[in-house]
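Please look through the following structure with its sheets, helices, loops and chain contact in mind. The report after it takes up these topics one at a time.

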Amino acid sequence: MLKDSFCSSPWFHIRLRYDGSYKVCRWSREEDTKYNIKDTSILEFYNSEPMREIRSELLAGNRPKGCSACYYQDQFGKINGRKRQLLKSVISTDDFDLSMRASPHYKHFKHSWDNQGHADHAPVDLQIDLGNICNSGCVMCGPYSSSRLERDYVSLNQYEPGLFEAPRSYRSWTRDPELVNRFVDQLAEIPNLGYIHFLGGETLYDPAFYAICDRLLETGIAKDAIIGTTTNATIYDERIERYIREFKEFHLGISIEAVTDLNDYIRWPSKINSVLETIDRFCALREGTGLFISLRITPNLFTAYELDKMIQFMLDRQIIAESCNILTTPSVLRMEIMPDNIRLETIDRIRSVIDQHHMTASDNINVRNSARITETIHTVALEYLSFLENYSVPEDRDQQADQLVRFLKAFERLRNNRIIDHAPRFADFLRHHGYRDC
Amino acid sequence: MRQDSQTFSDIMDIETADQLCVELAVTTEDDPFYDIRINGIKAQPKQYLDLMSEIRIDFKKSQRGLVMLKLSVNGREILPLLRHLLDCEDNCIEAARAWHLSISPNFHSWYHTVDSQGWIA
């Protein structure tokens with residue numbers, strides 16, 4: 001049915017990848033397109049063949065292959081990218097037919113239906129990947145998003161070539177100042193631009209982020225646009241304070257996976273005490289400004305075990321968690337690889353915090369609503385509980401667990417650390433799959 | 001209720017007339033001066049309107065005032081969103097007061113905004 005497959009995202013959103021190539025959606029699993037900002041403008045791409053094709057596919061009721069991540073999360077009732085994008089078109093999956101017919105975008109859908117996927121209005125929601133400049137080497141990340149991992153992967157590939165690809169050269173489009181200027185000029189030509197989300201690497205560590213924000217302020221785009229970015233909270237740069245004041249709104253996502261030293265292992269080489277201090281500094285800026293903070297968690301099998309502590313932290317700080325992803329790569333880190341006994345303990349721990357706070361489910365999809373933070377945190381907790389209770393164990397879980405040990409040991413050889421010091425509950429499981437303590 | 005659509009053609013085929021059901025219940029229906037109108041027509045307990053239409057609800061001064069017990073559109077109770085427009089927490093509109101509510105440009109977009117569901121792309 002159309003309500004189970006349709007998404008309005010291609011009618012207002014595109015993504016620009018770190019190398020300047022375009023993608024049809026920030027959540028798409030499809031390969032990057034052949035179109036690149038070096039020779040194709042944002043508006044030209046917006047009506048290019050891949051965009052017209054995905055619009056036509058969605059209107060026909062098909063389920064594009066690249067949208068698999070959203071459809072997977074639909075199975076667990078998770079608030080995913082599809083539901084959030086539909087909401088921006090005033091479409092609800094609970095009242096799909098009438099809300100779609102009444103949607104302010106209905107006329108644009110119909111235009112595309114009548115014109116082979118062509119769109120008759122400009123994008124308003126952009127995700128811009130600035131490049132891979134980053135001060136962290138998170139184990140679940142890759143060289144395309146981390147310059148530190150770009151270096152590490154040379155050694156990792158030599159040690160475990162079957163698990164780590166040899167890194168390519170990841171020269172980002174933002175290293176060309178003339179192209180950056182052209183990009184901002186193109187933004188100025190887009191009417192009603194509503195939201196720009198910048199991703200790294202670590203954006204606050206990337207000079208391109210500040211260069212683009214400064215130009216958005218100069219051109220006057222800032223006053224009408226919401227800006228968003230994601231940081232690992234290892235850096236606090238006071239220029240952010242000006243951006244928070246001068247952009248229409250500033251949405252800051254904070255990537256953190258645990259509130260204990262497990263985060264130090266996963267998001268190496270960050271230090272959790274310093275990360276928590278930085279989060280508190282950002283939180284202090286919320287008062288009287290358009291700053292909205294969310295945690296960007298993507299639980300893996302280790303951090304899922306500590307989700308109860310993360311949920312309590314969210315309640316204490318009044319920060320929502322927002323993750324439209326269930327981790328699928330690297331596959332060895334998926335929550336689904338968790339052994340059964342730890343899965344049951346994890347469920348009990350989350351259920352305990354849910355019971356303690358009398359949490360109930362909400363139908364609120366707009367997670368960035370300052371008036372409904374507690375309600376959103378409750379929903380996040382219940383969503384993860386639902387996932388952990390209902391996921392299917394992969395048939396190859398044992399092989400994946402064997403690979404997990406090799407995967408972790410490759411990192412530990414470079415970093416001189418041990419997962420069992422940060423996640424001791426998993427020691428027996430890991431040893432069973434070949435982990436040696438030294 | 002409609003069945004879920006299979007295709008976009010089915011969505012285009014939706015006849016928009018009478019797709020909104022406004023349900024209104026108040027306490028003072030026996031008040032001879034009681035007068036609530038929906039889009040200019042004296043309100044019935046259930047009133048069907050076009051999906052795309054604006055909805056204007058007018059309450060003229062009555063002798064006793066009234067308490068709104070229910071105001072829903074397609075089963076979605078909207079009274080909690082309107083408390084700030086009424087006189088007190090028990091959904092009361094005082095006797096001497098005229099009151100109106102304008103839902104525009106259509107119910108779905110209005111509800112999205114008043115329920116703080118975020119920016120519309």
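## Cis peptide bonds

In this predicted model, B:P105 is found in the loop between strand 9 and helix 3 of chain B, and the peptide bond that joins B:S104 to B:P105 is cis, with an omega of about 5°.

## Strand 6 of chain B and its partners

Which strand of chain B pairs with strand 6 (residues 66-73) over five bridges? The partner is strand 1 (residues 20-26) of chain B, and the two strands pair in the antiparallel sense; the bridge partner of B:A25 is B:K70 in strand 6 of chain B. Strand 6 of chain B also pairs over two bridges, again in the antiparallel sense, with strand 8 (residues 92-93) of chain B, where B:C92 is the bridge partner of B:V67.

A further antiparallel pairing over two bridges links strand 6 of chain B to strand 7 (residues 76-77) of chain B, and here B:S72 has B:E77 as its bridge partner. These two strands form a hairpin with two residues between them, and B:N74 in the turn has a positive phi of about 50°.

## The mixed sheet of chain A

Chain A contains an open sheet of eight strands, arranged in the order 2-1-3-4-5-6-7-8 with mixed pairing. Strand 2 (22-23) and strand 8 (320-321) of chain A are at the edges with a single partner strand each, so one side of each is left without a neighbour in the sheet.

Within this sheet, strand 6 (residues 249-255) of chain A runs parallel to strand 7 (residues 291-296) of chain A, and six bridges join the two strands. Among the residues of this pairing, A:S255 stands opposite A:R296 in strand 7 of chain A.

## Two helices of chain A side by side

Helix 15 (residues 307-317) and helix 17 (residues 373-390) of chain A have axes that come within 10 Å and cross at roughly 170°. Angles over 145 degrees count as roughly antiparallel, and helix 15 of chain A is therefore roughly antiparallel to helix 17 of chain A.

From helix 15 of chain A, the residues A:L307, A:I311, A:M314 and A:L315 meet A:T374, A:I377, A:A381 and A:Y384 of helix 17 of chain A. Sorted by class, this contact has seven nonpolar residues, one polar residue and no charged residues.

## Positive phi in two loops of chain A

A:N192 is not a glycine, yet has a positive phi of about 60°, and is found in the loop between helix 9 (177-188) and strand 4 (195-199) of chain A. Is A:N192 buried or exposed? With 12 other C-beta atoms within 10 Å, A:N192 is exposed, because 12 or fewer such atoms is the cut-off for that class.

A:N416, another residue other than glycine, has a positive phi near 55°, and its place is in the loop between helix 18 (397-415) and helix 19 (419-422) of chain A. A:N416 is also exposed, with 6 other C-beta atoms within 10 Å.

## Where the chains touch

The contact between the chains involves 23 residues of chain B and 29 residues of chain A.

How values were computed:
Residues numbered from 1 in each chain as written. Chains lettered and ligands numbered in written order. Predicted model: local features only at pLDDT ≥ 70, side-chain atom pairs only at ≥ 80, totals over all residues. Pairing = 2+ DSSP bridges. Helix = DSSP H or I, 4+ residues; strand = E, 2+ residues; numbered from the N terminus. Contact = placed C-beta atoms within 7 Å. Buried ≥ 20, exposed ≤ 12 C-beta atoms within 10 Å, placed from the backbone. Axes fitted to C-alpha atoms, helices over the stretch in contact; angles between N-to-C directions. Parallel < 35°, antiparallel > 145°, perpendicular 65-115°, else oblique. Nonpolar A, V, L, I, M, F, W, Y, C, P; charged D, E, K, R; others polar.
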